[in-house]
Amino acid sequence: MQDGVLESVPRQAARSAAPRSHSYHEGVSAVPEWQIRRRRARAANASGGGQPGTILKCKGWETDPNAYLYFIAQAPIWKEICKVIGKEDWISDPNYATPDARLPRLTEVFATVEAWTVTKTKFEAMALLNEHDIPCGPILSMQELANEPSLRKTGTIVEVDHPQRGKYLTVGNPSR
């Protein structure tokens, strides 16, 4: 799934960044390095399809457009979430103890979690949350994705040698 999603990101960036004279496909491979660093709008799924999740600011968000973490407030690990963010009283509070009670308060819940995440980098927060099996993931910049060793190893990100353009990075074929 990750490969399929990543495959669409450079194409979207290329369409907005490519000169008008380039075709759609020419624009994909012609995206200069500096353009993959552009800030993209952050979005999330607060309704979560039963698993409320959102994107939270992390330490440095004021100057780093990629200092964000995706966080999911799953019911089975609610007690762990409360312990990690220092809100143990929410475990038994009738306003927060059950998913139905939390649903109308999700804005407050996520704001409270974010008050915790802004004190940590996205990787520090992720490491602490992972210790408690709390679902989360860093929002990676295109540069971070391009440099991620595991994506190179699996062929998700590949280096291509073009006879006229030279070497450039692109997304590998997701159906390999």
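Figure 1. V160 touches G166, K167, Y168 and T170, leaving aside residues up to four places away in sequence; contact means heavy atoms within 4.5 Å. The model is predicted: local features need pLDDT of at least 70, side-chain atom pairs count only at pLDDT 80 or more, and totals for chains, interfaces and linings use all residues. Residues are numbered from 1 along each chain as its sequence is written, and side-chain values use heavy atoms, with hydrogens and water left out. V160 lies in strand β4 (residues 157-162); helices (H or I, at least four residues) and strands (E, at least two) are DSSP runs, numbered from the N terminus. The C-alpha atoms of V160 and T170 are separated by 7.1 Å, and these residues are 10 residues apart along the chain. V160 is partly exposed, with a relative accessible area of 27%; buried means under 20% relative accessible area, exposed over 50%, and partly exposed in between (1.4 Å probe, protein chains only).

**Figure 2. The salt bridge between E159 and K167.** E159 forms a salt bridge with K167, and the closest N and O atoms are 3.7 Å apart. A salt bridge is a side-chain nitrogen of Lys or Arg within 4 Å of a carboxyl oxygen of Asp or Glu. Both E159 and K167 are exposed. The structure holds 3 salt bridges.

**Figure 3. The salt bridge between K83 and E80 in helix α3.** The side chains of K83 and E80 meet in a salt bridge, at 3.7 Å from N to O. Because K83 and E80 are 3 residues apart in helix α3, about one helical turn separates them. An α-helix has 3.6 residues a turn, so residues three or four places apart point the same way. K83 counts as partly exposed at 44% relative accessibility, and E80 likewise counts as partly exposed at 25%.

**Figure 4. The salt bridge between K122 and E144.** K122 forms a salt bridge with E144, with the closest N and O atoms 2.9 Å apart. This pair links distant parts of the chain, as K122 is in helix α6 and E144 is in helix α7 (residues 142-147), 22 residues apart. K122 is buried, with a relative accessible area of 5%, whereas E144 is partly exposed at 26%.

**Figure 5. The buried face of helix α6.** The buried residues of α6 are K122, A125 and L129. They cover an arc of only 65° around the axis, which puts them on the same side of α6; the arc is that of the directions from the helix axis to the C-beta atoms. The packing partners of these buried residues are β2, α3, α5, β3 and α7.

Figure 6. The 12 residues of helix α5 (residues 106-117) should span 16 Å at 1.5 Å a residue, and the end C-alpha atoms are 16 Å apart, which agrees. The expected span is 1.5 Å times one less than the number of residues in the helix. Buried positions in α5 are L106, V109, F110, V113, W116 and T117. Seen down the axis of α5, these residues fall within an arc of 110°, so they line one face of the helix. They pack against β1 (53-57), β2 (68-72), α3 (78-84), α4 (99-102) and α6 (122-130).

**Figure 7. The largest nonpolar core.** This core has 22 residues, and those with the most contacts inside it are F71, W78, I81, W90, L129 and I134. A nonpolar core is a set of buried Ala, Val, Leu, Ile, Met, Phe, Trp, Tyr and Cys residues joined through side-chain atoms within 4.5 Å. The elements that give two or more residues to the core are β2, α3, α5 and α6, and α5 gives the most, with 5 residues. I134 touches F71, I72, I77, E80, I81, V84 and L129, not counting residues up to four places away in sequence.

**Figure 8. The loop position of D133.** D133 is placed in the loop between α6 and β3 (136-138). The phi of D133 is near 55°, a positive value in a residue other than glycine. D133 is exposed, with a relative accessible area of 62%.
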